[in-house]
Structure formats: C-alpha cells, structure tokens
Amino acid sequence: MKILVLQGSPRTNGHTATRVAAFVEGAREAAHDVDVVDVAHMEIHGCAACEYCHTKGNGTCIQKDDMAKVYPLYDSADMIVIASPIYYGSLSGQLTCAINRTYAIGVPAACKKMALILASGASGVFRASETIYHGFLQGWYGVEDCGVFEGAGSAAVSDAALEELRAFGRSL
C-alpha cells in the first residue's frame with residue numbers, strides 16, 4: 001500500500017515527528033511504501049479561493065509553490081495520514097494551508113483509508129482537529145477511518161505510545 005503522511009510540525013525532532021517516525025517504522029516493516037511530506041518546512045501558500053483550479057485549471061492550482069510536489073503523492077496514495085501538533089485546539093497553520101490547497105484536485109483518486117496522529121502539550125485539546133478529520137472522512141472523502149492517535153505531554157512519546165503507533169503501522 002502507498003501511504004502518504006502529511007506532517008505539519010515545524011519542530012523536526014518534536015513529539016509529532018517522533019510519533020510519525022514510529023508509525024512509519026511499523027508501516028515499512030509491513031512492506032508498505034511510505035512517503036512523509038514535511039509540509040511545515042515547505043513553501044506552501046494558503047488557498048487564494050480564485051477557483052482557477054475548477055475553471056480554467058482543470059484541477060491545477062494557479063499558485064506555483066511546493067504543493068506541486070505534494071499533489072502527485074496525494075492523488076496516488078492508498079492511505080493518507082494527517083499528523084500535527086495541536087496549536088490553539090487545531091492543526092498547525094502550515095498543515096491547514098496544505099490541506100486547504102488539496103481543494104484543487106478534490107478527492108484523491110486512490111485514497112481508501114485515513115488516520116490522524118496528534119501531539120499536544122496538554123490533554124483535552126484535540127476536539128477541533130478531530131472534527132476537521134471526521135469532516136474529511138464523512139463529508140468529503142468517504143474513506144475508511146483507521147483511527148485517531150492522540151498523545152499529550154511526555155506520554156505522547158512514551159514507549160507505550162510509540163509502540164502503539166508502530167503496531168498500527170504493522171497492522172495495515
């Protein structure tokens with residue numbers, strides 16, 4: 001299976017990146033092809049709402065930035081994993097920009113499954129991100145929900161939490 005992870009944390013060695021690495025390790029052990037796209041370190045502008053993509057662009061965004069590297073991976077992935085730290089109760093701004101820009105291509109052609117990996121400094125702050133995620137699943141993509149994996153504080157990168165993510169990756 002081709003898996004795309006959209007990793008939205010600007011901290012390259014933070015909790016989100018550590019959690020993603022554990023998932024990727026398990027998925028690769030199960031012989032899945034995994035691409036991790038570090039959208040927080042790419043030049044990705046917000047959607048301009050110009051509708052070029054749905055009028056003259058035939059699914060191509062008018063903006064020329066690093067989303068051009070993301071679109072083919074996004075459209076060909078069998079599974080998409082969204083991974084983000086929680087900022088003010090929601091996904092990181094960098095990840096939100098990338099997700100909003102996928103509007104240009106619409107529902108990815110190959111995607112059958114999605115999952116959400118979150119990290120936060122505090123517990124009880126995941127609700128808004130889960131609402132966004134479930135909106136993709138139910139209102140837009142209509143794909144299988146493979147789960148939401150939350151982690152708060154140091155527990156987010158505990159041996160047990162990381163093993164849960166490795167096991168999830170292996171189970172796919």
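**Terms and their grounds**

Author: N58 lies in the loop between β2 and α2 (67-76). The model is a predicted one.

Reader: Why is N58 called exposed?

Author: The relative accessibility of N58 is 71%. Exposed means over 50%, and therefore N58 counts as exposed.

Reader: What makes the phi of N58 worth a remark?

Author: Phi of N58 is near 45 degrees, which is a positive value in a residue other than glycine. Most residues other than glycine have a negative phi.

Reader: Where is A31, and what is its phi?

Author: A31 is placed in the loop between α1 and β2 (33-38). Its phi is near 70 degrees, a positive value, and A31 is not a glycine.

Reader: How do you know whether A31 is buried or exposed?

Author: A31 has a relative accessibility of 65%. Buried requires under 20% and exposed over 50%, so A31 counts as exposed.

Reader: Why is Y103 called partly exposed?

Author: The relative accessible area of Y103 is 31%. Y103 is found in the loop between α3 (93-101) and β4 (113-120).

Reader: What makes the nonpolar surface patch to which Y103 belongs?

Author: Y103, V107 and W140 make this patch, which has an area of about 280 Å².

Reader: What is known of the largest pocket?

Author: Its volume is about 160 Å³. Among the residues that line the largest pocket are S9, R11, H15, T16, Y87 and S120. The elements giving two or more residues to this lining are α1 (15-29) and β4. By class, the lining of the largest pocket has four nonpolar, six polar and one charged residues.

Reader: How many cavities of 30 Å³ or more does a search of the whole structure find?

Author: The search finds one. About 30 Å³ of space lies in the largest cavity, and its lining consists of K2, I3, L4, D33, D35, L73 and A77. The elements that give two or more residues to this lining are β1 (2-7) and β2, and β1 gives the most, with three residues.

Reader: Which classes of residue line the largest cavity?

Author: The lining of the largest cavity has four nonpolar residues, three charged and no polar ones. Lys and Asp count as charged, so K2, D33 and D35 in that lining belong to the charged class.

Key:
Residues numbered from 1 in each chain as written. Predicted model: local features only at pLDDT ≥ 70, side-chain atom pairs only at ≥ 80, totals over all residues. Heavy atoms only, no water. Patch = residues over 30% accessible without salt bridge, like charges linked within 9 Å, V, L, I, M, F, W, Y side chains within 5 Å. Areas by Shrake-Rupley, 256 points an atom, 1.4 Å probe, with all protein chains shown as cover. Salt bridge = Lys/Arg side-chain N within 4 Å of Asp/Glu carboxyl O. Helix = DSSP H or I, 4+ residues; strand = E, 2+ residues; numbered from the N terminus. Buried < 20%, exposed > 50% of the residue type's maximum accessible area, 1.4 Å probe, protein only. 1 Å grid on protein atoms, 1.4 Å probe; cavity = no way out; pocket = protein on both sides within 12 Å on 5 of 7 lines; lining within 4 Å. Points joined across faces, edges and corners; volume = space filled by probe spheres on them.
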